[in-house]
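Open the model in a viewer and keep the selection tool at hand. The stops below each begin with something to select.

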Amino acid sequence: MTRDEWAVLRTQLEKTLGQNNFSTWIKPMTLDCINDDIATFHVPTNFIGNYVSQNFSDAILHILKSEEPSVRRLSFSVPANVKDRPAPSTAAVTSSAPATAAKPEASSFVQTASLDKRFTFERFVVGKPNELAHAAAKRVGEGGPVTFNPLFLYGGVGLGKTHLMHAIAWDLQTNRPDLNVMYLSAEQFMYRFVQSLRERKMMDFKEIFRSVDVLMVDDVQFIAGKDSTQEEFFHTFNALVDQNKQIIISADRAPGEITGLEERVKSRLQCGLVVDLHPTDYELRLGILQSKVEMQQLNYPDLEVASGVLEFLAHRISTNVRVLEGALTRLFAFASLVGREINMELTQDCLADVLRASERKITVEEIQRRVSEHYNIRMSDMIGPKRLRSYARPRQVAMYLSKHLTSRSLPEIGRRFGGRDHTTVMHGVKRIEELKVADGQIAEDLELLRRALEA
Ligand SMILES: Nc1ncnc2c1ncn2[C@@H]1O[C@H](COP(=O)(O)OP(=O)(O)OP(=O)(O)O)[C@@H](O)[C@H]1O
């Protein structure tokens, strides 16, 4: 069939579908080719292809078959030279509908090209620091009624935010193949927004983002300080929430702590469930290492890990799981190359730089916990407003240790002590410096606490 013949045929669709539908959806498509039983159309955007595939496949097939009885399936693709292709790392969706159209599996619009196959719930090791985030993510992955919107996941570098987001998308694909799920980073969101502005395709942009059922935006802190992107994000967010569509967001900090984010955006982000991925503890690191060893052994079935090595790594390597994973990969590759077993000696040789670099970093929270335990007060009193000497002194000790054992600035320390001003921290630190000289008990406490924290 030639394109001209298609042009004649499609006028029949105008009658069937009505003028509005025809000019919005059918007119922008061109017939590319018919091969075997598949008719391929070029469409200007993935959104149009998806919409046509979901809504008009039957009508198009019916008309095509009158001239080409062999056609049983339709395929829609955005040609490579079309300018409004999505950002490079996002999926370009070619949505194909079989003759029996309306099957959800065939017409769902799940952007998965940038999803990592390894990032599933099965491969996510759960421990105390991440159990809440995991449970919330699992719930959203079931695809039931929207209960918390947005789900906001935050935590430090390499603690599994992206892993959980991808895992949700994979589960949704299985549990709810009828849903349009879009996963992208905040950077990609901005890229697509700017591109649409430049090419005057904002209508397409809005249509695409407002037609998804589940929107997942990773690393949202990226749009801080980028005013017009934030503005568009805010509108997209509101439009989706109004339609009761699920939104999942990740960031490296809690919404309230992201500077450069407008207040209205912050408050929107806080109105669902905000969950924190805490730094990993020893048990979780060990669990993750054990699970990653099993993965490595698929590639290196002959390599065993001597006892004590994983415990050593879990103890010595920082909370960032990415570093932990990298260390293990290196260990297996090294052992296989030199034909040695993975024991303590090989570990020390092979990972000397990693071990040096990840000398344990002490956090303000850890200091607060230790000091509270030492003086037998509650964490809430350590951080809270009470000025009683029995709380104020331990608080000052914790401030002093935070100043000396972490690289946090005074304002940062103040924020972690219930939002206190940096001058209060400065005063606390000075007071303890004085007492350290004058009061033997304080000097002894400080020494004990320092040793416990550095252990
Ligand atoms: N609990 C876990 N179980 C198994 N693997 C994990 C876990 N947490 C993190 N990882 C792994 O650690 C690596 C880093 O995780 P991920 O990319 O999800 O971190 P992130 O929090 O998104 O980091 P960033 O802040 O850099 O974006 C990934 O390979 C991921 O699979």
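Start at Asp219, in the loop that runs between β7 (214-218) and α10 (227-242). Check the backbone torsions here: Asp219 is not a glycine, yet its phi is positive, at about 55°.

Next, select Asn149 and Pro150. The peptide bond joining Asn149 and Pro150 is cis, with omega at about 0°. Pro150 belongs to the loop between α6 (131-141) and β5 (151-155).

Now select the ligand and display the residues around it. How many residues surround the ligand? The shell holds 19 residues, and the closest are Gly160, Lys161, Thr162, His163 and Val321. Colour α7 (161-175) and α14 (321-338): each of these helices supplies at least two residues of the shell. By residue class, the shell around the ligand consists of seven nonpolar, six polar and six charged residues. Then colour by domain. The ligand lies between domain 2 (128-277) and domain 3 (282-357), because both domains give residues to the shell around it.

Move on to two helices, α19 (residues 389-405) and α21 (residues 422-438). Their axes are 8 Å apart and the packing angle is about 95°. Angles of 65 to 115 degrees count as roughly perpendicular, and α19 and α21 are therefore roughly perpendicular to each other. To see the contact itself, show side chains on both helices. From α19, select Arg395, Gln396, Val397, Met399, Tyr400 and Lys403; these meet Val425, Gly428, Val429, Arg431 and Ile432 of α21. The residues of this contact comprise six nonpolar, two polar and three charged.

Finally, colour by confidence, since this is a predicted model. The average pLDDT of the protein is 85, and 91% of the residues score at least 70. Where does pLDDT stay under 50? Select residues 82-112: pLDDT stays under 50 there, and the model has 79 contacts beyond four places in sequence for these residues. For the model as a whole, the scores are ipTM 0.98 and pTM 0.63.

Conventions. Residues numbered from 1 in each chain as written. Predicted model: local features only at pLDDT ≥ 70, side-chain atom pairs only at ≥ 80, totals over all residues. Near = placed C-beta within 6 Å. Helix = DSSP H or I, 4+ residues; strand = E, 2+ residues; numbered from the N terminus. Nonpolar A, V, L, I, M, F, W, Y, C, P; charged D, E, K, R; others polar. Domains from an automatic or database assignment. Axes fitted to C-alpha atoms, helices over the stretch in contact; angles between N-to-C directions. Parallel < 35°, antiparallel > 145°, perpendicular 65-115°, else oblique. Contact = placed C-beta atoms within 7 Å. pLDDT = per-residue confidence, 0-100.
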